[in-house]
Amino acid sequence: MTRFSVATFAAGLALMMAGPTLAAVDEVFETETGSIQVTTFVDGLANPWAIAFLPDGGLLVTERAGALRTVSADGRLSAPLRGVPEVAAAGQGGLLDVALD
């Protein structure tokens, strides 16, 4: 894995582990090329799905049911952003990916 993909994987895994009932947990995963430490830095997300890194160090995060939120560089979770189109979250559908323009 490249450095970017390891960082993306670790950030994504940390967000996937976050949830309304989970506290921050540090875990270390051993890989063939070294250790990866994963730290949950935000909770309160419902089915986080995709992330996009913002220039200020924060993140855009999608929740499968249709919410788009920001997470600041220090871990503060925003309220759902307004203006997101209606999402059909059923079966394998939902607000699944996000990319910066």
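Q: How many salt bridges does a search of the whole structure find?
A: A salt bridge is a side-chain nitrogen of Lys or Arg within 4 Å of a carboxyl oxygen of Asp or Glu, and the search of this whole structure finds two. This is a predicted model, in which local features need pLDDT of at least 70 and side-chain atom pairs count only at pLDDT 80 or more, while totals for chains, interfaces and linings use all residues. Residues are numbered from 1 along each chain as its sequence is written, and side-chain values use heavy atoms, with hydrogens and water left out.

Q: Which side chains meet in these salt bridges, and are E63 and D74 buried or exposed?
A: Buried means under 20% relative accessible area and exposed over 50%, with partly exposed in between (1.4 Å probe, protein chains only). E63 meets R69 at 2.7 Å, N to O; E63 is buried at 5% relative accessibility, and R69 is buried at 14%. D74 meets R76 at 3.1 Å, N to O, but here D74 is exposed at 56% and R76 is exposed at 58%.

Q: What does S78 touch?
A: Contact means heavy atoms within 4.5 Å, and S78, itself buried at 18%, touches R69 and T70, not counting residues up to four places away in sequence.

Q: What is the order of the strands in the open sheet?
A: Strands of a sheet pair through backbone hydrogen bonds, either parallel or antiparallel. Strands are DSSP runs (E, at least two residues) numbered from the N terminus, and two of them pair if DSSP finds at least two bridges between them. Here the order is β3-β4-β5, with antiparallel pairing. β3 (48–53) and β5 (68–71) each have a single partner strand, so one side of each lacks a neighbour in the sheet. Five bridges join β3 to β4 (residues 59–63), and A50 stands opposite T62 in β4.

Note on methods:
Helices (H or I, at least four residues) and strands (E, at least two) are DSSP runs, numbered from the N terminus.
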